[in-house]
Amino acid sequence: MVGIASAAIYSVLEPISKATGLTIANLNAGTGYMFLAFGWGCLFWQPLALQFGKRPVYLFSMLATMCIQVWAPHTTTNGQWIANKILQGFFGAPIESLCEISVTDIYFQHERGRYIGLYALLLAGSNFFAPIIAGFIDRGQGWEWVLYWCAIFCAMGFVFLFFFMEETNFDRSQLVGHEPEHRHRATGTTPPNLSDDEKKDAESPTLEAASSSSSPSPTARQKTYIDKIKLFQTADLRKPIRLGGMVARPLIFMTFPVIFYAGFSYGSNLVWFNVLNATASLILAGPNYNFASWAVGLSYVSPLVGVAIGSAYTGYGGDRIVLWLARRNKGILEAEHRLWLFAPSLLLIPFGLILWGVCAAHAIHWFGCVFAMGIIALTNTIGLQLSVSYCIDSYRDLGGEAIVTVILVRNTMSFAVGYGVTPWVTNMGLQNAFILAAFAGMAQCLTFLVFVKYGKDLRASSAGRYAKYVEEMGRAGVVH
């Protein structure tokens, strides 16, 4: 629902511009600020979610986005529009990083490709589905109701999450050999003094010790439905407060080459999604094609098909390919195996971008443009799923905070492109701009080969720091 609210305006930029006096460049710049806030807002929401629970953060995000959508039709100046988009990005930020971590909370590594693929389908699919319905809403009720319907969808999502979404946080401190600090506080005791030998044993817990300490109590009772839908869980409220470390670590993780690359890869694929959305209304509603807003919206059926194909390829198909590669590697699954799924993008990214730009520049039949939209959406979905999966597979226990790093890098890149795309395309011309974009996209995609070859060595070189932060996060009970 938050994804729908963030993308619904793409097919109605022209009507909004005519009604408010804001230029297309102003509207696209606002979208750029929204993506920036989507990314950096994670530094605020992710620590709160890991500390106090994901459920209340999801619910508050949905409620706040609903209110912002009610305000949006009444923004008539550039300042108000920018403020509205920044707030929308800030309060909608949990959509960017929490969902992936909810997947890691529930599913094993060999299952995650499928479910992160489903997440990619729903996230990217909502972004391409929204402009379809927005065009018809604009035709029947006016562009203001595009935003009001986004608020209604968010209200529906809030009700659904309130009654059907359980908390997925779990205190994992015992699983890595640490006794939760809140237990000492609750009982009024302090950890006993240990000898040097005992300290060494405590710092390197055995699997048996972890297993025995984490065995469920025979007196534990199953949670009732009311327990499951409480806004806050008792275990989360008893955890020691470690918000400072949770804010700082995602910034520190930028020094991990693999994590930074995952963000760069994700961002490099997403920027073409932003370029597509920023120029779709400009091109299809322009003099060459003269599409009405509903027809611009209907053209987004093509990206929706591309998203479905991309999700199936990287999800179900990707898991099978990765397992096949593991068998060829003597049964050892490496995180870099999944990067081979980027191979089709080497051709698809430049093909889609050149087709989009050349067709628009020379007024070639509209089917060429619409087909290019599907190709670009396909590559965007591949980049989303593979980048996130590579990060999580490489540093599984850092997942919750490493994903924030990925989103920070990705959305900072999205902001830069969203802010400058309109003057770039206008001043350089559609054909030249998208030919340049095509070769830039291909060069970016080629970087996966560097990490196929050197990624394992880079991960090995960071093993010491990885263990240090796992230990630190284990004491807080937020490892995954």
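This is a predicted model: local features need pLDDT of at least 70, side-chain atom pairs count only at pLDDT 80 or more; totals for chains, interfaces and linings use all residues.
1. Salt bridges overall. The whole structure contains 6 salt bridges. Those that share partners join Glu334, Glu336, Lys456 and Arg459 into one network.

2. Lysine 456 and glutamate 334. A salt bridge joins these two side chains, with an N to O distance of 3.0 Å. The pair links distant parts of the chain, 122 residues apart: lysine 456 belongs to helix H22 (residues 430–461), whereas glutamate 334 sits in the loop between H18 and H19. Lysine 456 has a relative accessible area of 46% and is therefore partly exposed. Glutamate 334, with a relative accessible area of 15%, is buried, because buried means under 20%.

3. Arginine 459 and glutamate 334. Glutamate 334 also forms a salt bridge with arginine 459, and the closest N and O atoms of this pair are 3.3 Å apart.

4. Arginine 396 and aspartate 397. In this salt bridge the closest N and O atoms are 3.2 Å apart. Arginine 396 has a relative accessibility of 34% and so counts as partly exposed. Aspartate 397, at 16%, counts as buried.

5. The nonpolar core. The largest nonpolar core comprises 118 residues. Among the residues with the most contacts inside this core are Ile259, Trp272, Leu284 and Phe342. Helix H16 (residues 257–284) supplies the largest share of the core, 15 residues. Tryptophan 272 touches Ile349, Leu353, Ile376, Ala437 and Gly441, leaving aside residues up to four places away in sequence. Of these, Leu353 is also listed with the residues that have the most contacts inside the core.

6. Serine 11. This residue is placed in the loop between helix H1 (2–7) and helix H2 (13–20). Its relative accessibility is 1%, so serine 11 counts as buried. A polar atom of the serine 11 side chain lies 2.8 Å from the backbone oxygen of proline 131. Serine 11 also touches residues elsewhere in the sequence, including Ala134, Gly135, Ser281, Ser293, Val296 and Gly297, with residues up to four places away not counted.

7. Positive phi at lysine 330. Lysine 330 has a phi near 60 degrees, a positive value in a residue other than glycine. Lysine 330 is located in the loop between helix H18 (301–328) and helix H19 (345–361). Its relative accessible area is 80%, so lysine 330 is exposed.

8. Positive phi at alanine 363. Alanine 363 is not a glycine, yet its phi is positive, at about 55 degrees. Alanine 363 is found in the loop between H19 and helix H20 (366–394). With 40% relative accessibility, alanine 363 counts as partly exposed.

9. Leucine 323 and histidine 337. Leucine 323 is placed in helix H18. At 40% relative accessibility, leucine 323 counts as partly exposed. Leucine 323 and histidine 337 are separated by 14 residues in sequence and by 8.9 Å in space, taken from C-alpha to C-alpha.

Definitions and conventions:
Residues are numbered from 1 along each chain as its sequence is written. Side-chain values use heavy atoms; hydrogens and water are left out. Helices (H or I, at least four residues) and strands (E, at least two) are DSSP runs, numbered from the N terminus. Buried means under 20% relative accessible area, exposed over 50%, partly exposed in between (1.4 Å probe, protein chains only). A polar contact is a pair of N or O atoms within 3.5 Å; within protein, one must be able to donate a hydrogen and the other to accept it, and residues adjacent in sequence count only if both atoms are side-chain atoms. Contact means heavy atoms within 4.5 Å. A nonpolar core is a set of buried Ala, Val, Leu, Ile, Met, Phe, Trp, Tyr and Cys residues joined through side-chain atoms within 4.5 Å. A salt bridge is a side-chain nitrogen of Lys or Arg within 4 Å of a carboxyl oxygen of Asp or Glu.
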